[in-house]
Amino acid sequence: MDKFTGRVWVLGDDIDTDIIIPTEYLALKTIDDMKQYGFSPLRPELAGQIQKGDIIVAGKNFGCGSSREQAPEIIKAMGVQCVIAKSFARIFFRNSINNGLLLIEQPDLYDDMKEGDEVTVVMNEHVDYNGKEYPIASLPENLMSIIQAGGLVKAMRKLNGLD
Amino acid sequence: MGETIIEKIIRHNTGKAVKPGDIVTVNVDRVMIHDIFIPFVADKFEEMGFTKLHDPDKVVLIYDHLVPASQQDDTRHFRTGDAFAEKYGLTHVHRSDGICHQLMTEAGYVKPGDIAFGTDSHTTTYGCVGAFSSGIGYTEMASILGTGTMWIKVPETIKVVIDGELPENVMSKDIILRLIGDLRADGATYRALEFAGSTIENMTVASRMTMANMAIEAGAKCALFTPDEKTAEYCEIELNDYQKSLVGDPDATYMRTITYKAEDFVPVMACPSQVDKIRNVSELEGTEIDQVFIGSCTNGRLEDLQAAAEVLEGKKVADFVKLIVTPASRKIYKQAADMGILKTLSEAGAIITHPGCGLCCGRTGGILSDGERVVATNNRNFLGRMGTSKVEIYLASPRTAASCAVAGKIVSPE
Amino acid sequence: MGMTIAEKIIAAAAGVESVKPGDIHTVELDRLMSNDGTTHLTVDMYNNKLKNPHIADTGKLVFIVDHNVPSDCPKTAASQKKMRDFAKANHIDFWEGKGVCHQIMMENYVRPGELIFGADSHTCSYGALGAFGTGVGCTDFLYGMVTGTSWVMVPETVKFNLVGKLPEGVYARDLILTIIGEVGANGCNYQVMEFTGEGAKTLTISDRIALCNMAVEAGAKTGIFEVDDVAMEYLKEHGREPKAVYHSDPDAHYVREYTFDLSKVEPVVAKPDFVDNLAPAKDVRGIKIDEAFLGSCNNGRIEDLRVGAQVIKGKKVSEKVRFLVVPASQTIYRQALEEGLIDIFMDAGAIVMNPNCSVCWGSCQGVIGENEVLISTGTRNFKGRAGHPSSKVYLGSAATVTASAIAGEIALASDV
C-alpha cells in the first residue's frame, strides 16, 4: 500500500477516547458489537456512514484520554484506512501501531480539508489534496517492523515460534 | 552531563545512559491490569502463543471499574480474570478493594524508582512516589506479561517548579488544572513532567498523587516527583541510594522549565468539555448544578474526604442536589469511617458508595441526563463521559466541590 | 358482626360504620408513596393524559429515589430527573439516596390506622405499625394523587396465630419464608395476613416489617400487626403519634386461621425460582454461590446488619464471592458506622454500598451474570430477578446469607 485514495470525514481537535468509544459500551463482548457506537457522543450517525476505505482527518491531539485499545480497534473495524491528524496522543499512537491502524501526522491538511472530498496518500512522502502536496514523515524503523509483522500479536507469535 | 529523573530511572533499569529520543527496552518491575481489559489481555496473551507469565509476582489484577456490577455481562470480566489468575498462578488480585491506581502504591506494589505499566491512562499516578509509570493498551500488556520487557522512547522532560505557600482554599488539584490549562491538553505529549520547588516538597504524597494522576491530561508519558521522607513513610521503606538520587540534576537538559509562585494560585475549574478549558471559580459563580461527585483516583483520598467534611460539617447538601462520595480504596473508606468523616458526610446528605471508579468511568455511580450539570473531582470532563453528551462536567478540587454541593451552584470554596 | 383491623381502617377511610369482605368502597387516602421504578410514568400520564392536571393534596405525596441509586445509565438518570423536577415544581416531599422507600416510610411517615398506597408491591410493609399499606400500579396512583381517594374492595382476613418464641439463631426472615412455604405463593391472594398472638408480641418492629413486607409474596393485599407497646415505643422514638389504634374484635370474621409455633421454626431458604419453594437451609448446604446480598426493605435494618456482623466478625468473605452489604437507609448506615458494624464488614472484604434497592431488584448495583448464583435477604427469587435470565436466587436470613458468603457455598451460621 504505497499509495491509496479515500473519502474523508473531518473531525476536530482533541477527539478523545470517550468520544471514539464511550465507557458504557466498553464491556461489550466484541469489537464488532462496539463499533456501531463509535464517535456517538459527538456524531451518533457517523458510525453508520463511514465506509471501508474512508479516511479520517482531524486536528491536534487525536485519541487523547484513556488507554482503551478498543478506540483504534473500532476505527479499524469500521474500515477506516488511516487517520491523518495534526498530532496524536501517546497511548493511542502506540495502540494503533500495535493493531496495524495507520496514523499519519500532517500539520496543515486539516485546516484546508473539506468533508466528503477525497485525498491520496503516498506513503512516507506526501498527501495529495486539491492539487496540493502535503508532506508527511516516514515511520521510525522500530514501528515499521511491528507494522510489517502485522501488528504486535503477530510479532509475538513469531517470537514464540508459532508463525 | 546531568540527567533528569526519567533519564536516571531508565539508566538504572537498562544499565546505559540515555538521552531523549533513544529507543530502549526496559525490564518492567510491575504491571497492573484492571477488570475492563482483562478479557482482552487474556485473549491477546494466548493468541501471542505465550504459555506462562514471565513473572507472576510482577502482575497485579484489580477489579474496580465494574464494582459493583451494573450490567448483566459485567461479572463475565470477573470470571475471566479469576480464571486467568488461576491458570497462570497470579496471586495479586484485588476484587473489591478500590481503584487500581490507589492500590498500586497504597498496597506497596510500586516503589520509588520502579518502572510500571498499566492498562489505564492514569497509570501516570505512581510518579507521586518517583516511579516511571505509564498507560498502555491491552496488546502491549499481553506482550509484557510474556516477555517482562517493553520498548520505550526516552522522553524529553518539562520541569515545573513551584515555590511558596499555597492559599488556604487552594488544593493540589487547582495546581494541576492550572498547569494543564497553561500547557494545553497536548502540551506534554510524549514528554515527562518533573515537579520541584518548596511547594512540592511541602506537599503530602496524596496531593502529589492528584497531580501525577492528571499529567496524562496534558498528554504526558509520566510525571515524576522526587522521593523524600514523606514518600518513604508512605511506602513504608527506607530510601536506598538509587531512590535518593532521583532528583533532576542542575545541569540536566530540560526542553522547558515552567515556574509558578504558590501564592498566585486560585481555585479553578476545568469547564465542559475539555480538561484544558480552565477558568477561575470566581468567574463561574452562580452557575446552578444538579450533582457533585467527590472521588476517583484523582481525588478520592483521605485528605480529600477530610476537606469535604470540613466544608460540610453541620451543613446540608442543597435541596434537589445529589452529592456522591466514592472513597478511592477500602483502606481510605475505613480510615474515613474511623475518623467520623463518613458520618459527617452522610449527615450532610451525601451518598457514600463502595470504593471503586464509580461515576468517573461513566458506567454507574451517578450517571446524568440531558441538561444536567455536575461538579466533579475526577480527571476528565469529556463529552458523554458521565451520561449523555448534553451533560456538563466541571472539574474541581474536593474543597470547591463540597462548597458547591452546599450552595447548589458554583461558588468559591470557603 | 365484629371487624378485623384491616376492615376497621377501611371503614374509617370510607367514612362508614362498618364494612365486610367483598364490599367496594371509595376511601380517603392518608398518604401516597412512589419511587423511581415508576414515577416517571405517572408524571408522563399526569402531564399528557389529564384534562385538568392538579394534585388533591401535595402534603400526602412522598417521592423516593431508591431503585437506581446512584443512577447507572442515562435512561434511569432521565427518569429520576423527571421525578425530581416534578417534585420540585409541586412541592412534594422528595428523598433521594436516603434509603429504600419502605424503610424511609417506616422511619418518617407511617402511622397506625392510616391507609397508604404505594406504587410498589412491598408497600404492605407498613402493617408492622398497624397501618394498611398496599401496592398499586401507576394508574391507580395517579387517580389517588389527583383525587386524594381511591376505591378498594374489602379483602378477607387470614389470621396467623403466632405462639412461642423464635429460637436463638432463627429469625423473622425464616419465619415468613416458612409461612409462605406453608400457605403457598398465592395462598393469601387478595387477602390480609393478620399476625397476632403471644408470639407476635415477642417480635421487634424490624421483625414485623420483615413479615408484613413479604405478605405480597403470598399474594396478600397487605400484612398487619396489632399496635402494642413495642409499636408505641417505636413511634415515640421517631416522634410520631398514631392516627388511630385498632384491634380486631373478638367476633371478627377470619376466612382461615393458621397457628405457627415460633419455637419450631428452623433456618430455611427459598430455592429458585419461587418464594414458596422452601427447604431447610441444612438440606441445601454446599450449593456454590457467586454473590451474597445482605440488605433490602426486607432485611437491611440495623438488627440484620448486627446478625451479619456477628457471623462474619474476624472472618473473611470467600474469594469466590462478592458479598454486598447494603443498609436499608442512611439512618441505619450511620448507626452501623457508630456500632462498628461497617468496619467489621469492610475488614471481612464485603462490598458496603450506599442505601438502595441494589440487587434485590436486579437492575443495577451488583447485578449477577450468566449462570451465576446469588443468596439474598431480598424479597424475591423469581427467574432473572437479580440479573441474567439464567441466574439463580436463593433467599435466606441475614445469618445464612453471611455464613454462605464466608463459605463460598450455602452454609449455616453454625458451619462457619
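Where is C:Pro70 in chain C? C:Pro70 sits in the loop between strand E3 (61-65) and helix H3 (74-90) of chain C. Helices here are DSSP runs of H or I with at least four residues, strands are runs of E with at least two, and both are numbered from the N terminus. The peptide bond from C:Val69 to C:Pro70 is cis, with omega near -10 degrees.

Some ground rules. This is a predicted model: local features need pLDDT of at least 70, side-chain atom pairs count only at pLDDT 80 or more, and totals for chains, interfaces and linings use all residues. Residues are numbered from 1 along each chain as its sequence is written, while chains are lettered from A and ligands numbered from 1 in the order in which they are written.

Back to prolines. Chain B has a cis peptide bond from B:Val67 to B:Pro68, with omega near -5 degrees. B:Pro68 is in the loop between strand E3 (59-62) and H3 of chain B. For background, most peptide bonds are trans, and most residues other than glycine have a negative phi.

A:Asn61 is not a glycine, yet its phi is about 65 degrees. Its loop runs between strand E2 (55-58) and helix H4 (70-77) of chain A. Is A:Asn61 buried or exposed? A:Asn61 has 27 C-beta neighbours inside 10 Å, so it counts as buried. The cut-offs: buried means 20 or more other C-beta atoms within 10 Å of the residue's own, exposed means 12 or fewer, and partly exposed is in between, with C-beta atoms placed from the backbone.

Now B:Glu236. Phi is near 55 degrees, again positive in a residue other than glycine. B:Glu236 lies in the loop between helix H9 (229-235) and helix H10 (241-244) of chain B. It has 8 C-beta neighbours inside 10 Å, so B:Glu236 counts as exposed.

Staying with burial, look at helix H5 (residues 90-98) of chain A. 9 of its 9 residues are buried. Among them are A:Arg90, A:Phe92, A:Phe93 and A:Arg94. Just after H5(A), A:Gly100 has a positive phi of about 75 degrees.

Next, chain C as a whole. It has 14 helices and 18 strands. Its radius of gyration, taken over C-alpha atoms, is 20 Å, close to the 22 Å that the globule rule gives for 416 residues, so chain C is as compact as a globular protein of that length. The rule itself is 2.2 Å times the number of residues to the power 0.38. The C-alpha trace spans about 60 × 50 × 40 Å along its principal axes. Of the 416 residues, 63% count as buried.

Then the interface. In it, 37 residues of chain B are in contact with 38 residues of chain C. Contact means C-beta atoms, placed from the backbone, within 7 Å. Elements of chain B giving two or more residues to this side include helix H3 (74-88), helix H14 (330-338) and helix H15 (341-348). The side of chain B that touches chain C has 13 nonpolar, 14 polar and 10 charged residues. Nonpolar means Ala, Val, Leu, Ile, Met, Phe, Trp, Tyr, Cys and Pro; charged means Asp, Glu, Lys and Arg; the others, Gly among them, are polar.

Last, a packing inside chain B. Helix H13 (residues 302-312) and H15(B) pack at about 45 degrees, with axes 9 Å apart. H13(B) contributes B:Leu305, B:Gln306, B:Ala308, B:Ala309 and B:Leu312 to the contact. From H15(B) come B:Ile341, B:Thr344, B:Leu345 and B:Ala348. These residues divide into 7 nonpolar, 2 polar and no charged.

Note on methods. Contact = placed C-beta atoms within 7 Å. Axes fitted to C-alpha atoms, helices over the stretch in contact; angles between N-to-C directions.
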